Amino acid sequence: MSAAYILAKDHLKSFVRKISKGSRLIAPVTNEYGDTLYSEINCLDSTQIDTQHQPQSSIKHFFLPQQESILSYSVSQAGEYHFSNILIGVPTVFFGVRSCDLAGLLYMDVIFSNPAKDPYYFKKRENSIIISLGCNEPFENCFCNATKSGPFLDFGFDLRFTDLGDRFLVEPGRKRGMEILEEFAYFFNDASEQDLKDQYQLQLESRSSFQQNVHVDLAIKKLANEEVGKDVWQDLADRCQDCGGCAYVCPTCTCFTITDQPVSESEGERVRSWDACTFAGFTRMVGGHNPVSSEHSLRRRFLHKLKYDVSLHNRTSCTGCGRCVGICFGGVDIIKFISAVCES
Amino acid sequence: MAGLATTFGSGAMTNSISEIEQADVIIVSGSNTTEAHPQIARRIIDAVDGSAGLIVIDPRKTDISKFASVHLQIRPGTDIPLLNCIMRIILDENLVDDVFIEMRTENYVVLRDMLYRLDLDETAAETGVSLEKIRRAAKLFGRAHKGVFCYCLGITQHICGTDNVRSIANLAMLTGNVEKQDTGVDPLRGQNNVQGACDMGALPNVFPGYQGVADPTAREKFSRAWKSELSDKPGLTLLDMTHKSRENGLHAMFIMGENPMLSDPVQDKVKETFDSLEFLAVADIFLTETARCAHVVFPAASFAEKSGTFTNSERRVQHVRQAIEPIGDSRTDSEIITDLSAGMGYAMAYDNPAEIMEEIAMLTPLYGGMHHDRLNENWGLQWPCPDRNHPGTPYLHKHSFTRGKGLFQPASHQEPGEPPDEQYPFKLMTGRVYHHYHTGAMTRASHLLSRECPRALLEINPEDADRLGVRDGEYVTLSTRRGNITICTKITDRVQPGMLYTSFHFHEAPVNKLTIGSVDPTAKCPEYKICAARLERIQS
């Protein structure tokens with residue numbers, strides 16, 4: 001068993017300050033409009049890290065920005081093209097990453113490694129330190145217990161924090177985490193037997209307090225065996241409003257498109273921006289024909305999460321964060337879908 | 001707006017949007033809700049999931065009609081006969097709310113007598129919907145405890161738009177579906193702030209808050225506040241300006257955030273007007289087709305670059321706050337107006353938008369308690385909100401109509417301004433698509449939205465397409481008595497035979513080159529929804 005340490009809550013701020021020296025710090029912050037977002041913190045003294053609410057968006061966009069210039073080009077007077085890669089990766093500490101978002105990041109690691117490593121993604125990824133935070137109380141639409149990605153994901157983090165009330169239990173994960181613990185050892189005390197028991201009790205309580213009862217395993221089985229009625233798909237297609245919100249908030253939706261955008265007569269940029277497989281334009285051909293109907297594009301999104309990825313990677317690419325449940329106004333979010341599959 | 005203002009005394013959505021979810025039966029008429037008001041469609045679908053009945057009245061098979069218990073696919077422009085049929089059946093079935101009619105309304109006898117004179121079979125035949133289907137809808141709505149009627153431009157953009165609205169109001173009053181929570185009549189407003197624009201007096205005959213220019217007390221109040229003599233004559237309506245500037249002695253125009261070159265009917269006439277003006281100034285965030293006609297263009301700031309308020313469909317005044325500094329030379333609308341005004345010798349010195357809001361609150365009873373500091377909580381306030389302590393008004397006409405008693409105003413069928421004939425055999429309707437907003441000035445600049453919907457599509461029924469030998473995706477010439485455009489076809493049974501449908505977002509296929517200049521005589525709203533058209537294949 002790996003070691004565990006205790007950090008007094010009073011020392012959280014100074015610890016975070018130390019480890020983010022020379023780095024960008026990203027942590028959940030609730031803004032004046034009441035929205036909790038993973039935000040860049042420039043001044044720790046005037047900003048409160050929010051460990052109580054679920055951030056409304058995942059950390060996806062820090063690694064795969066909604067719009068990102070990946071290459072610039074210029075044409076010389078002689079008509080010669082010059083290209084230069086734009087690789088950006090600022091050293092960044094992510095604090096308070098929820099299990100679902102961490103699971104999403106681990107999934108993106110897989111996606112952006114195959115067939116070759118995506119340099120734009122990994123430049124950012126390799127410059128990041130991930131400090132996760134276990135969820136003592138699942139939020140309204142969470143079902144990470146059913147996707148086996150939370151509420152306390154046991155791997156993938158550099159450090160994992162568990163909120164034990166007046167103190168944090170801190171566990172190292174990857175090598176960088178251990179190094180941080182060694183470098184800043186003076187912040188920590190060894191965790192006692194009781195601390196570990198408290199953590200165990202918290203985890204048990206958290207697992208039993210999910211408000212959503214989602215039968216992911218059953219749905220996976222039925223989808224694998226193609227036991228899903230046609231009416232399920234048709235009903236989804238009728239309700240989907242084609243807004244793409246589900247894909248945008250999803251921690252594992254990574255479809256993108258590439259456009260070349262001229263900046264001036266002789267210069268321009270290649271931009272990578274988010275796309276979604278539910279959009280008609282994702283598959284429509286130049287002549288106007290679309291080989292994939294709206295019913296099928298929606299079908300593909302759900303099958304990708306719950307069938308194809310299961311056969312490829314042995315796990316769903318839904319991390320149970322429940323964000324699409326909150327954002328979907330057609331009522332075709334993944335929980336409704338899974339329920340419909342189970343009932344069909 | 002005129003329709004509701006004369007029946008109820010107030011021309012706005014009577015409900016809050018969230019109340020729609022609580023209704024037993026919802027009628028949606030002339031509204032492509034999932035595409036034009038997706039957030040309202042969501043409430044309607046939720047209500048249907050919770051076992052509410054849904055009646056959709058639309059000539060087209062819209063997406064929302066898939067959720068309907070009854071879809072009344074009427075012939076375009078036959079809303080009044082349909083509503084009269086429904087009311088007559090409700091009367092015959094004794095589903096009228098006698099107590100409500102007695103206590104809360106007036107002029108009922110006139111409506112009743114008109115309905116009794118109606119020949120049901122004949123009237124139903126006019127609509128093209130079977131009487132049996134209408135009967136089902138009528139009974140469903142008549143028996144509802146909480147009935148909501150949502151309508152949109154498919155009702156108002158007709159030559160009989162005001163009478164259409166009055167008929168809807170008649171039905172709501174007949175069944176007692178106003179003045180109570182979760183019941184009401186809801187015109188769905190299109191733009192984020194079209195309600196606010198009306199509230200602020202962007203109408204020919206009123207000052208802010210619907211205080212008539214003809215009312216000496218109101219005029220006196222505004223004259224004192226603005227320290228200048230104000231006219232008691234109503235201004236010009238839209239088409240009186242963009243079609244008939246010369247007749248009306250108009251020499252100069254200042255257009256803000258509007259693109260009449262694409263959005264007003266009969267484009268050629270609009271162009272002629274703009275060309276003939278001595279001076280045209282346009283303020284917009286992009287160089288629109290209208291801005292290209294202008295002598296002076298003011299680059300305006302976008303929503304993210306300014307602070308102020310927007311008033312949405314449910315009369316909710318919401319505070320928006322500047323997120324970024326204005327880019328380039330762009331300036332906020334209020335800066336443009338106040339500087340222009342100062343340059344013309346009338347100083348308008350406001351430190352910030354909150355100060356303007358204070359003036360609005362002082363002069364406009366509906367907004368009396370709306371101050372910026374109050375709007376930051378709970379997503380703003382719904383008018384009427386007469387004073388600082390007032391919590392706002394979720395639904396209108398509680399216990400009593402604004403005008404006192406609701407006024408029944410019976411109406412009968414009116415032919416469209418230009419019915420189809422041998423030369424122009426199709427009825428052409430216009431509307432919107434999900435991915436684009438109005439004339440596309442903003443949405444067509446978005447790569448993704450443009451990709452989702454790259455071109456205007458003319459919907460045509462397979463029967464008509466077969467007869468004319470038109471293939472799906474073929475470019476055809478669409479013409480009316482006003483002109484012609486080239487447009488791509490989409491063969492679909494969403495439209496009935498004899499009908500054509502397209503949207504007005506695309507400057508390459510400007511359908512408003514074709515639409516007719518006739519207007520509703522009361523509201524002066526153009527008849528965008530029907531004109532006679534002809535379709536021809538392009539000979540290569």
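**Close-up views of chain B in a predicted model**

**View 1. Pairing of strands E1 and E2 of chain B.** In E2(B), B:Leu54 is the bridge partner of B:Ile26. In this predicted model, strand E1 (residues 25-29) of chain B and strand E2 (residues 53-57) of chain B run parallel and are joined by five bridges.

**View 2. The open sheet of chain B.** Five strands of chain B, paired in parallel, form an open sheet whose order is E3-E2-E1-E5-E6. Strand E3 (70-72) and strand E6 (184-187) of chain B are the edge strands, each of which pairs on one side only. On average, and with direction ignored, neighbouring strands of this sheet are turned by 15 degrees against each other.

**View 3. Helices packed on the sheet.** H3(B) packs on the sheet, where it touches E1, E2 and strand E5 (147-151) of chain B, and the direction of H3(B) makes about 145 degrees with that of E1(B). Helix H8 (residues 131-142) of chain B also packs on the sheet, touching E1, E2, E3 and E5 of chain B, and its direction makes about 125 degrees with that of E3(B).

**View 4. The side of chain B that touches chain A.** Here 12 residues of chain B are in contact with 12 residues of chain A. The elements of chain B that give two or more residues to this side are helix H3 (38-49) and helix H19 (447-452), and the largest share, five residues, comes from H3(B). Sorted by class, the side of chain B that touches chain A has five charged, four polar and three nonpolar residues. H3(B), which gives that largest share, is also a helix that packs on the sheet of chain B.

Terms used
Residues are numbered from 1 along each chain as its sequence is written. Chains are lettered from A and ligands numbered from 1 in the order in which they are written. This is a predicted model: local features need pLDDT of at least 70, side-chain atom pairs count only at pLDDT 80 or more; totals for chains, interfaces and linings use all residues. Two residues are in contact if their C-beta atoms, placed from the backbone, lie within 7 Å. Helices (H or I, at least four residues) and strands (E, at least two) are DSSP runs, numbered from the N terminus. Ala, Val, Leu, Ile, Met, Phe, Trp, Tyr, Cys and Pro count as nonpolar, Asp, Glu, Lys and Arg as charged, and the others, Gly among them, as polar. Two strands pair if DSSP finds at least two bridges between them. Axes are lines fitted to C-alpha atoms, for helices over the stretch in contact, and angles run from 0 to 180 degrees between N-to-C directions.
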